[in-house]
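The following account leads through a structure, beginning with a single residue and moving on to a helix and a ligand site.

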Amino acid sequence: MSKVKLAVFASGNGSNLQALMDAARSRPGAPVEIALVVSDRRNARALERARDAGVDAVYISPKRAGGRAEFDAAAVRELEARGVQLIALAGFMRILGADFVRRYENRILNIHPSLLPAFPGTRAIQDAWEHGVKTTGVTVHYVDEGVDTGPIAAQCPTLIRPNDTIETLTAKIHAVEHALYPQVVFAAAEGRVRVHGRLVTIKPPAIQLPPVR
Ligand code: GRF
């Protein structure tokens, strides 16, 4: 079977990109080929990881693009040139405009380090920590026009134990992300994920949630 062409958008470290690249390479029958990595930061470690892995990577300068619509249009040109069918946001710090989201409706996934709808936004781990919650976690969701508001595909809890620090909590959350995201992206690539309004269903085999720590 031919593989689904996946693009990963990342602005920072790219550890989730790495997890996706590793899974795409090493899992037997992996249904995706990472056709492109897009970044809005020239020095993103994610770009370096892509190039190290021999994956096509582009930096789109927000400044040179001019505005959101222009940035999105530049991204669309790169995606279309490679026949990208599915998009995974992985620490991508820009908001994609309504036209872009509509064009790839139900084909853009994002990973977020909290149990949405709690703690949306860019400081989710810190916000959960400062709020004093006892359980937080990871959410994989489809991207709609809001910020971290789209239909939820999968979630996994992470406990905040008395001896945790924000550093240990962050490490636990990232470990959950790396276990969860490739599975959900692969299920979507296999056509096993359906979005019915806000409800997302995944046909078997079920996502294997990492142990709750
Ligand atoms: C992750 O915590 C992800 O949930 C959030 O941004 C972070 C990206 O980390 N959206 P990395 O760049 O994948 O290491």
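In this predicted model, alanine 30 has a relative accessible area of 4% and is therefore buried, since that value falls under the 20% cut-off. Alanine 30 belongs to the loop that runs between α1 (15–26) and β2. Leaving aside residues up to four places away in sequence, alanine 30 touches Lys3, Ala23, Ala24 and Phe186. Glutamine 85 lies 55 residues from alanine 30 in sequence, and their C-alpha atoms are 15 Å apart in space.

Helix α4 comprises the 14 residues 68–81. Within α4, the buried residues are Phe71, Asp72, Ala74, Ala75, Val76 and Leu79. These buried residues pack against the strands β1 (4–9), β2 (32–39) and β4 (86–89), and against the helices α3 (62–65) and α5 (98–103). Just after α4, glycine 83 adopts a positive phi of about 65°.

Asparagine 13 places a backbone N or O atom 3.4 Å from an oxygen atom of the ligand, and for asparagine 16 a backbone N or O atom lies 2.8 Å from a ligand oxygen atom. Glutamate 177 contributes a polar side-chain atom, 2.3 Å from an oxygen atom of the ligand. Of the 370 Å² of accessible area that the ligand has on its own, the protein covers 83%.

Note on methods. Residues numbered from 1 in each chain as written. Predicted model: local features only at pLDDT ≥ 70, side-chain atom pairs only at ≥ 80, totals over all residues. Heavy atoms only, no water. Helix = DSSP H or I, 4+ residues; strand = E, 2+ residues; numbered from the N terminus. Expected span 1.5 Å × (residues − 1). Buried < 20%, exposed > 50% of the residue type's maximum accessible area, 1.4 Å probe, protein only. Contact = heavy atoms within 4.5 Å. Polar contact = N/O pair within 3.5 Å; in protein donor to acceptor, adjacent residues only side chain to side chain. Areas by Shrake-Rupley, 256 points an atom, 1.4 Å probe, with all protein chains shown as cover.
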